[in-house]
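These are my notebook entries on what I looked up in one model, taken topic by topic.

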Amino acid sequence: MSVEPRTDWTRDEIAALFDLPFTELVFRAGEVHRAHHAAGEVQLCTLLSIKTGGCPEDCGYCSQSASADSGVKATRLMDVRSVLQSAAQAKDAGSQRFCMGAAWRNPKDRDMPAIVEIVQGVAAMGMETCMTLGMLTPDQAAQLKAAGLDYYNHNIDTAPENYGNVITTRTFEERIDTLAHVREAGINVCSGGIVGMGETRAHRVGFVHALATLPRHPESVPVNALVPVKGTPLGDMLADTPMAKIDDIEFVRTVAVARITMPRSMVRLSAGRESMSEATQALCFLAGANSIFTGDKLLTAANAGDDKDAALFAKLGLTPLSGEEPMRVCEAVA
C-alpha cells in the first residue's frame with residue numbers, strides 16, 4: 001500500500017536533518033531517492049524567457065526588475081510562432097519539459113489568448129509544458145488548465161521570515177495564494193527558491209519547511225543558487241560581502257534535505273550550475289537531484305550548456321529520464 005508523504009514536518013526535525021554528518025545526510029537522501037525514483041536518470045528541461053524585463057516587482061535577486069540597474073531591456077511578449085520554434089529546438093535537443101517565463105507581476109487578461117495558444121502548441125509537440133507568469137487569478141489558472149498546461153512555477157524564494165528582506169512588492173502569502181489557485185485548477189505545482197542570498201541556515205530550514213508542509217508537496221522543487229547580477233541589490237551586496245555566498249557543501253545539504261522531506265517531488269538543480277564544479281553537481285545528483293535545465297541560458301542568466309551537460313552525464317553514467325531522447329549537441333535555445 002502506497003504511503004502518502006508527510007506534510008507535518010517540524011522545523012526542529014528539518015534542522016536536525018541539516019545538522020547530520022554530511023555523508024550520513026547524503027546517504028539517507030540517496031536511499032529516499034532510490035525508493036521513489038529511478039537511480040541515475042535525470043529529467044531534461046529547457047527554460048525560455050518569452051517576455052523579458054520591465055517587471056514592476058522589486059525582487060532583490062532579479063535582473064529583470066524595472067528597479068534594477070542590470071542593463072536588461074524590456075521586451076514585449078514573444079509571438080507564438082517564435083516560441084514554438086524554440087520549443088521544437090528544445091525537443092530536438094532531448095528536453096522533455098519546456099518551461100516558459102514572463103517578467104510580469106501577473107498576466108493581463110489581454111495576454112491570455114496568446115499564452116493559451118502557446119501552451120496548446122507546445123503540448124501538441126508531446127512535451128510537458130510549464131509556465132511562470134507571476135501571480136494568477138483562479139480564472140487565469142482555469143484557462144491554463146483548459147489549454148493543457150502541465151506545470152505552473154511560482155517559487156516561494158525563501159523562508160517566510162526572510163521574505164521581506166528579498167521582496168517588498170508582494171507578500172509571501174500572495175505567493176501561497178497563487179499556488180493554491182494552481183492546485184485548485186488541477187495543474188501540477190512547481191515551487192522552490194533560491195539559496196545563497198545571504199540567508200542563514202535557519203532560513204534554509206524555514207524555506208524547506210514551508211514547501212514540505214504544504215497540503216500537497218510540489219511535484220517539482222527547483223533549488224537555485226543565487227547568480228549575483230551587478231545592479232541588483234543582492235548582486236551588489238554579494239560583491240561587497242562575498243562571504244555571504246553559500247558554500248558548495250551547504251548547497252548539497254539543502255538539496256538532500258529537500259529530497260528527504262519531499263520524497264516524490266522532482267528536485268531540480270536549477271540556476272547556478274554554470275559556476276559549480278562537476279564534483280559539486282555529482283554530489284547533488286547523489287543527494288537526490290533528478291532534474292536540470294539544459295541550454296546556455298536561464299531567462300537572462302548563463303547556464304552550463306548542452307555540450308557540458310552531455311559530457312558530464314557521460315562522465316557520471318547518468319541518462320535522461322526514461323522516455324526522453326539521448327542528449328546530443330545542438331544549437332542552444334536562447
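Before the entry on the chain's later part, I note that a strand here is a DSSP run of at least two residues marked E, numbered with the other strands from the N terminus. The model is predicted, and I read every value below as computed from that prediction.

Leu47 belongs to strand S1, residues 41-51, and with a relative accessible area of 11% Leu47 is buried.

**Entry: aromatic pairs**

How many aromatic pairs does a search of the whole structure find? The search returns 2. One of them joins Tyr163 and Phe172 in an edge-to-face arrangement, with 5.7 Å from centre to centre and 80° between the planes. I checked the burial of both partners: Tyr163 has a relative accessible area of 3% and is buried, and Phe172, at 9% relative accessibility, counts as buried as well.

The other pair is formed by Phe285 and Phe313, for which I noted 6.3 Å centre to centre and 85° between the planes, again edge-to-face. This pair links distant parts of the chain, since Phe285 sits in helix H10 (residues 278-286) and Phe313 in helix H11 (residues 306-316), 28 residues apart. Phe285 is buried at 10% relative accessibility, and Phe313 is buried with a relative accessible area of 4%.

**Entry: charges over rings**

I next looked for charged side-chain ends placed over aromatic rings. The charged end of Arg6 sits over the ring of Trp9, at 4.2 Å from the ring centre. Arg97 lies over the face of Tyr151, where the distance to the ring centre is 3.6 Å.

**Entry: helix packing**

On the H7 side the contact involves Arg201, Arg204, Phe207, Val208 and Ala212, which meet Glu250, Arg253, Thr254, Val257, Ala258 and Thr261 of H9.

Helix H9 (residues 248-261) also packs against H10, with the axes 9 Å apart and an angle of about 20°, so H9 and H10 are roughly parallel to each other. The crossing of H9 and H10 is right-handed. Asp248, Phe251, Val252 and Val255 make the contact from H9, and Thr280, Leu283 and Cys284 make it from H10.

What is the arrangement of H5 and H6? The axes of helix H5 (residues 138-147) and helix H6 (residues 172-185) come within 9 Å and cross at roughly 40°, which makes H5 oblique to H6. The crossing of H5 and H6 is right-handed. In this contact Pro138, Ala141, Ala142 and Lys145 of H5 meet His181, Val182 and Ala185 of H6.

**Entry: a backbone angle**

Last, I looked up backbone angles. Most residues other than glycine have a negative phi. Asp157 has a phi near 75°, a positive value in a residue other than glycine. I placed Asp157 in the loop between strand S4 (151-153) and H6, and I noted that Asp157 is buried, with a relative accessible area of 2%.

Definitions and conventions:
Residues numbered from 1 in each chain as written. Predicted model: local features only at pLDDT ≥ 70, side-chain atom pairs only at ≥ 80, totals over all residues. Heavy atoms only, no water. Phe/Tyr/Trp six-rings, centres within 6.5 Å; stacked < 30°, edge-to-face > 60°. Buried < 20%, exposed > 50% of the residue type's maximum accessible area, 1.4 Å probe, protein only. Helix = DSSP H or I, 4+ residues; strand = E, 2+ residues; numbered from the N terminus. Lys NZ or Arg CZ within 6 Å of the ring centre and 35° of its normal. Axes fitted to C-alpha atoms, helices over the stretch in contact; angles between N-to-C directions. Parallel < 35°, antiparallel > 145°, perpendicular 65-115°, else oblique. Left-handed = near helix turned anticlockwise from the far one by under 90°. Contact = heavy atoms within 4.5 Å.
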